[in-house]
Amino acid sequence: MPVPGELTFAVPRGAKKPPRHLADLSPAERKEAVAELGEKPFRARQLSQHYFARYADDPAAWTDIPAASRGKLAEDLLPELMSVVRHASCDEGETRKTLWRLFDGTLVESVLMRYPERVTMCVSSQAGCGMNCPFCATGQAGLDRNLSTAEIVHQIVAGMRALRDGEVPGRSATAAAPGGATERLSNIVFMGMGEPLANYKRVVGAIRRLTDPEPDGLGLSQRGITVSTVGLVPAMYRFAEEGFKCRLAVSLHAPDDELRDTLVPVIPAGRSARCWTPPGTTPTSPAAGSPSSTP
Ligand code: SF4
């Protein structure tokens, strides 16, 4: 259990590392990875086509790849990352929450929400959370570990597949893909378990996979992605410098600093920027007049 008021950025010792997956790798790294397996580099693009454009991670469906190669490619680059524990639906099935069990038994959730004008998916970026907001059950349980880029991306691939396969009833007015044959997610919000900016590198990697054009990525619009933070200011500055057209949402939770300090212990009075700078981010001193005390 976390100590009241204490933030946790370090992943607990003994946390297992998820297996490497295609979605962890850039297109260039995928070519290197297939070459290391003794395969032609173009197999990387074929695999990407199956995973990012067809949501097909079952090697039986990869009919353009020789059967003899499929097994080792699947084992090395598309290991099973998570399985569904259960779905829970409401709004006549148009909102569906999924509880996932990750490779090490860790549990996380995602939620798919169909609205008349859009289809939104809320994803988790960490298992648990180290930000310790006292009103939040996730925060009170502490941080288990960071999700890998692929574990984040795979929640969304599963959502895209569920929509395409008609698992989520209803039809949105504007969510049809060109041609109208399938429906796609239009919005992704990082508002599930975890503080996304405390898992900075993997979240940024996931945004690249989500928004790179098919088949390098899922081809989603950057403008449809919202990263929600509790207020890690140096990481917010760094994120702004990435040049994404994503939205950044800051959870205020209170109308003034005094109440916010109570509800959200992320920036208590007197803490230096370094204290709440997540590993891997540069502690930037916010400029005068910047939102350092009231993010
Ligand atoms: S940052 Fe979000 S997930 Fe983490 S403890 Fe606070 S409210 Fe909960």
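Two residues are in contact if their C-beta atoms, placed from the backbone, lie within 7 Å. Helices (H or I, at least four residues) and strands (E, at least two) are DSSP runs, numbered from the N terminus. This is a predicted model, in which local features need pLDDT of at least 70, side-chain atom pairs count only at pLDDT 80 or more, and totals for chains, interfaces and linings use all residues. Residues are numbered from 1 along each chain as its sequence is written.

**Exercise 1.** Find the residues that join α5 and α6, and describe how the two helices pack.

Solution. 
1. On the α5 side, take Thr149, Ile152, Val153 and Ile156; they meet Arg202, Val203, Gly205, Ala206, Arg209 and Leu210 in α6.
2. Sort these residues: 6 are nonpolar, 2 polar and 2 charged. Here Ala, Val, Leu, Ile, Met, Phe, Trp, Tyr, Cys and Pro count as nonpolar, Asp, Glu, Lys and Arg as charged, and the others, Gly among them, as polar.
3. For α5 (residues 149-164) and α6 (residues 200-211), the angle is about 40° and the axes are 8 Å apart.
4. Angles under 35 degrees count as roughly parallel, over 145 as roughly antiparallel, 65 to 115 as roughly perpendicular and the rest as oblique. Therefore α5 and α6 are oblique to each other.

**Exercise 2.** List the shell around the ligand and sort its residues by class.

Solution. 
1. The residues around the ligand are Cys129, Met131, Asn132, Cys133, Cys136, Thr138, Gly139, Met193, Gly194, Glu195 and Val230.
2. By class, this shell has 6 nonpolar, 4 polar and 1 charged.

**Exercise 3.** Locate the cis peptide bond and the positive phi of a residue that is not a glycine.

Solution. 
1. Most residues other than glycine have a negative phi, and most peptide bonds are trans.
2. The bond from Glu214 to Pro215 is cis, with omega near 0°. Pro215 sits in the loop between α6 and β8 (225-229).
3. Asp91, not a glycine, has a positive phi of about 50°. Its loop runs between β1 (82-90) and β2 (95-102).

**Exercise 4.** State the chain's average pLDDT and name two stretches where pLDDT stays under 50.

Solution. 
1. pLDDT is the predictor's confidence in each residue, from 0 to 100. The protein chain averages 86, and 85% of the residues score at least 70.
2. pLDDT stays under 50 over residues 175-181, with 9 contacts beyond four places in sequence, and over residues 269-276, with 11 such contacts.

Note on methods:
Axes fitted to C-alpha atoms, helices over the stretch in contact; angles between N-to-C directions. Near = placed C-beta within 6 Å.
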